[in-house]
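Read it alongside the sequence and the coordinates.

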Amino acid sequence: MGYLQGFAVTFRKLWEKRVTVPYPENKRVKPARLHGRHVLNRYEDGMEKCIGCELCAGVCPANCIYVRGADNPEDNPVSPGERYGFIYEINYLRCIHCDLCVEACPTQAITETKLFEFSFTNREDAVYTKDELVVDETTGLPQHLPWEDWRPGEDLQTSAWMRATSPNGSSEYVGKVAWDSELGYGIRAPEDNKIEDGE
Amino acid sequence: MILGADPLLSGNVDLTAVLIVLMKVGIAFAFLLVAVMLMIWFERKLISDMQNRIGPSVAGPWGILQTLADGIKLFFKEDLIPNRSDRFVFKLAPYLSLVPAFLVFAIVPIGGDFRDGKEGIVTWFGRETLVQVADPPIGILFFLAMSSIAVYGVMLAGWSSGSKYPLLGAVRSSAQMISYEAALGLSIATVFLMSGTLSTNGIVADQSTWNWNLVTTGVVPFIIFVIAGTAELNRPPFDLVEAEQELVGGFHTEYSALRFALFFLAEFMNVITMSAIAVTLFLGGPNGPILIESVSWIWPPFWFFLKVGMFLFVFVWLRATLPRLRYDQLMDLGWKVLIPASLGWFLLIAALNIANDRQWQSWIVIMVGLLGMSVGALALMASIRKAKSQRASQEFEEAT
């Protein structure tokens, strides 16, 4: 009775567990390497990592990053070294979250969080300014902007890409810590078993 | 008299009688609207359960008010009328499919005491009456007539839209609904033979002693009725009328807002009335055991709604399980399987009835009947094969 087997299948499904998650109330755990919105990181002493080199803007395939560098004020430097990011803007109506800016960044200043659930009510909100992108001065956590929907805990592990792969992409660096410390976290342990075969 | 055997209207008709009739109409109307609301919710919920989803869950507890929310949304939407449409017919068509859906329910007995030959008569406000809006002597023929008018609703909606997909849907629907109505009517005819009446009240009263027509007509007409009924309702797996992948929305592609809602309402109302008719014809209507004598009035409606609910479940189950038929398969099933089968079964039941009257041996009649049916089936199959091969050779000649 091949005709009736289909009915048995659909009837059995009545008692099975539901796949759907009632979304805004419950959220699934997001993958560690999810590409969400960016943050501008700080060193552990609170200095900004961005040096205003514009490499991220140069590499961006969507042309959504606008950076202007400026010389550090000598009496009150923003970042260690000569220059700092004076203006830093990312247009999230254009960003495709390819992570190329993160790979291009020489100081690991820009990384991507797992946050992506925004609802802007105007276009100006879609352009994140430096003030909105830079992490909190003491905790190193991204700022919770009014149009963003995320719960406590979803903002952790903001520099997912750097911990997921070795910085220069070479397998020789697997298991080795080859990046700077992060504000609020220090130098994190390398992720295990993320790249399984060396080559 | 068209209102028929209702004892309420057989004596002098005074104000009380008129008020009782109006009350019955009002209750039937309100019941249908609420039932449609719940049916749409039930279908969405059940089909999502069968697909491991959750379904509507936000509006009201378990999303039970989802239909209401949709209805309100559709009410406030812009009502578009296409430029090339026939405006009058375009506006008329939704009502042509909605009104018959309402009217059919008038002849369905939803309660009443049918024990000991009481024929479902109850006493309301000191008047004897039936628990159905009307009991015309033509009974089920009224149902067939109304379902034919519903075809006009679909057909005219598609035609008057002045657009190609609705037109295709409408042409399909008229062909489908007309051809399946033949099988539907023939399967109902066996019920007439067994019950000896067209009146729905009479048919239900005839099944009051557990001798449901499902058994007395030998199950086959019931199966044919359910299949043909599903096709008549344009429900999956026979929803070629609005086959989304081929025809966008079929006949109601160009409809929006309230007019679309009316089609939707009519469609689901037809599902409910078709289930009610099937229960009336084959499953004894409101007949069932009276479990607690002190509230004996509650049991007939309870059994009736339980049986209708079972049908609704089956309709949703069919939709969740079966893929849509191809159009030629649909026509094959209708003309080459269902109509001959229901016709053969009708003749067999008729022969058995005659055998009963003349005291012939019923098993001989059954054997002869089945033999005749199989000969007929073989002849039909042979002719279909012959026609196919002829057509194939013709095509071959034309091609070469």
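## Model and confidence

This is a predicted model, in which local features need pLDDT of at least 70, side-chain atom pairs count only at pLDDT 80 or more, and totals for chains, interfaces and linings use all residues. Residues are numbered from 1 along each chain as its sequence is written, while chains are lettered from A and ligands numbered from 1 in the order in which they are written.

The model scores ipTM 0.70 and pTM 0.77. The predictor's confidence in each residue is pLDDT, from 0 to 100. Chain B averages a pLDDT of 84. In that chain, 96% of the residues score at least 70. Among the elements of chain B, strand S1 (residues 121-124) has the lowest mean pLDDT, 73. Helix H8 (residues 220-232) of chain B has the highest, 89. Where pLDDT is low, the predicted coordinates should not be read in detail.

## The sheet of chain A

Elements here are DSSP runs, numbered from the N terminus: helices (H or I) have at least four residues and strands (E) at least two. Two strands pair if DSSP finds at least two bridges between them. In chain A, 3 strands form an open sheet in the order S2-S3-S5, with antiparallel pairing. Its edge strands are S2 (65-71) and S5 (127-128) of chain A, each pairing on one side only.

Strand S3 (residues 83-91) of chain A is joined to S2(A) by 7 bridges. Across them, Gly69(A) has Gly85(A) as its bridge partner, and Val67(A) has Tyr88(A). Between S3(A) and S5(A) there are 2 bridges, again with antiparallel strands. Here Ile90(A) stands opposite Tyr128(A).

## Helices of chain B

Helix H5 (residues 164-195) of chain B has 32 residues. From first C-alpha to last, H5(B) reaches 46 Å, close to the 46 Å expected at 1.5 Å a residue. The expected span is 1.5 Å times one less than the number of residues. Just after H5(B), Gly196(B) takes a positive phi of about 70°.

Helices H1 (residues 15-50) and H10 (residues 257-282) of chain B pack at about 95°, with axes 9 Å apart. Axes are lines fitted to C-alpha atoms, for helices over the stretch in contact, and angles run from 0 to 180 degrees between N-to-C directions. H1(B) and H10(B) are therefore roughly perpendicular (65 to 115 degrees; under 35 is roughly parallel, over 145 roughly antiparallel, the rest oblique). Leu32(B), Ala35(B), Val36(B), Met39(B) and Ile40(B) of H1(B) meet Leu265(B), Phe268(B), Met269(B), Val271(B) and Ile272(B) of H10(B). Residues are in contact if their C-beta atoms, placed from the backbone, lie within 7 Å. The contact of H1(B) with H10(B) has 10 nonpolar residues, no polar and no charged. Ala, Val, Leu, Ile, Met, Phe, Trp, Tyr, Cys and Pro count as nonpolar, Asp, Glu, Lys and Arg as charged, and the others, Gly among them, as polar.

## Between the chains

The contact takes 10 residues from chain B and 10 residues from chain A. On the side of chain B, H1 and helix H11 (299-321) each give two or more residues. H11(B) gives the most, with 3 residues. This side of chain B divides into 4 nonpolar, 4 polar and 2 charged residues.

## Backbone exceptions

Most residues other than glycine have a negative phi, and most peptide bonds are trans. Asn52(B) is not a glycine, yet has a positive phi of about 60°. Asn52(B) is in the loop between H1 and helix H2 (66-75) of chain B. A cis peptide bond joins Pro236(B) and Pro237(B), with omega about 5°. Pro237(B) lies in the loop between H8 and helix H9 (244-247) of chain B.

Terms used
Two residues are in contact if their C-beta atoms, placed from the backbone, lie within 7 Å.
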